[in-house]
Amino acid sequence: MKFNPASKIQDLQYFGEFGGVNPSISDSSTYTFLSAKTMFDTFEGNTDGCHLYTRHTSPSNLYLGEALAAMEHTETANVSASGMGAITSTLLQLCNAGDHIVSSRTIYGGTYAFLKNFAPKLNVQTSFVDITKLDVVEAAITKNTKVIYCESISNPLLEIADIKGLAAIAKKHNLKLIVDNTFSPLILSPIKLGADVVIHSLTKFINGSSDTVGGVTCASQEFIDATRSVNDGAAMLLGPTMDSFRASSILKNLRTLHIRMKQHSKNALYLAEKFKNDGIKTVYPGLEDHPSHHILKSQMNADYGFGGMLTIDVGSLEKANELMELMQRKNLGYLAVSLGFYKTLFSAPGSSTSSEIPEDEQTEMGLSDGLIRFSIGLDDDIERTYTMMKACMTELNVL
Ligand SMILES: *Cc1c(COP(=O)(O)O)cnc(C)c1O
């Protein structure tokens, strides 16, 4: 039977403490013990089902972690206060001073800045490579390499990682393959393809209502226990703890993720095909002419489409800004960073979410000035949206 990540979420059963259909929210930072011995054992990490202190675990956070682990087919998961909290604590758990990371060069700006500017302070060095070229990835591995890091569908250029190919390289060299799956929840199941750790920014599609930040690391029980260790666990000691109220609200939103992803994907494919036919430079993984379309097609769970993200290139930053301002005035979406909202969001990544990347490096990786990144919304009548967007483009002579 094919793996169906949405059914894995649906199949979980929770009851609140009074029989509520949603689990009760744990409104405590600390927990009592009936015996001092149990408290000691919990400190040592030996007592299942007991909670010590919320930075360590809380019932609400464990419920959300359990659902995300089911979705990503891992033994367990640790939720955190933001995607960056998940990324940094995972990498710092895996890497010691002197270690080396091979990372995709087209990644989220914050992750790029962390690896490029912050991790070197701890003598953790990173080589940034074109992740679509497996020979280049392998050639960048040194005797100190511990991790291969990539995004399943990359931000903002929508490059596709060949997760199976990267997993084979990671296995061969005894490295951990970490995949940031933020752009393609449900669409890709990286663990099924051989990855070791999957990370999400829950801020985006998974929560879907642009009202909070959040993150998760999905991995083996052994790895998650290590990150939560009171002695040397990065998640425990760096403290990127999610609040229980947020964990509870994200869990409720997670349950409609499959319906939302299908609509985001349907709308994005419709617009991408129209824009392309109109002669606009359009990048969307669902288009046949996307360089990694077939790799994605062969690795994805087919039911959720090719995702809600697309980019167009309108030639210059000036034109991009004019178009985005006009589209916002016409209420076609918001000029805002982030993604996965019910409304379309658009931004020019070169001057916003990827501005951490120096200009010459932006040019080298194909991140042009006129690029607009769209997170396509849940519009019920996408034909109407297209007609109105086209009118904006015509008015500004972009077409
Ligand atoms: C937004 C984002 C992050 C960072 O997540 P936060 O929740 O903002 O900390 C990491 N990776 C990707 C791909 C993202 O889009």
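Modeller: Let's begin with a word we need throughout: a residue is buried under 20% relative accessible area, exposed over 50% and partly exposed in between, using a 1.4 Å probe and the protein chains only. This is a predicted model, in which local features need pLDDT of at least 70 and side-chain atom pairs count only at pLDDT 80 or more, while totals for chains, interfaces and linings use all residues. Residues are numbered from 1 along each chain as its sequence is written, and side-chain values use heavy atoms, without hydrogens or water.

Helices (H or I, at least four residues) and strands (E, at least two) are DSSP runs, numbered from the N terminus. L186 has a relative accessible area of 1%, so it counts as buried. Its phi is near 70 degrees, a positive value in a residue other than glycine. That deserves a second look, because most residues other than glycine have a negative phi.

Who meets L186 here? The side chain of N301 reaches the backbone oxygen of L186 at 2.7 Å. That is a polar contact, meaning a pair of N or O atoms within 3.5 Å; within protein, one must be able to donate a hydrogen and the other to accept it, and residues adjacent in sequence count only if both atoms are side-chain atoms. N301 belongs to another loop, the one between α12 (293-299) and β9 (309-313). N301 is buried because its relative accessibility is 14%.

For comparison, look at H73, in the loop between α3 (59-72) and β1. Its phi is positive too, near 60 degrees, and H73 is not a glycine. H73 counts as partly exposed, because its relative accessibility is 38%.

A polar side-chain atom of S201 lies 2.8 Å from an oxygen atom of the ligand. T203 has such an atom 2.6 Å from a ligand oxygen, and K204 has one at 2.7 Å. Taken alone, the ligand exposes 380 Å², and the protein buries 94% of that; these areas come from the Shrake-Rupley method with a 1.4 Å probe, and for residues only the protein chains shown count as cover.
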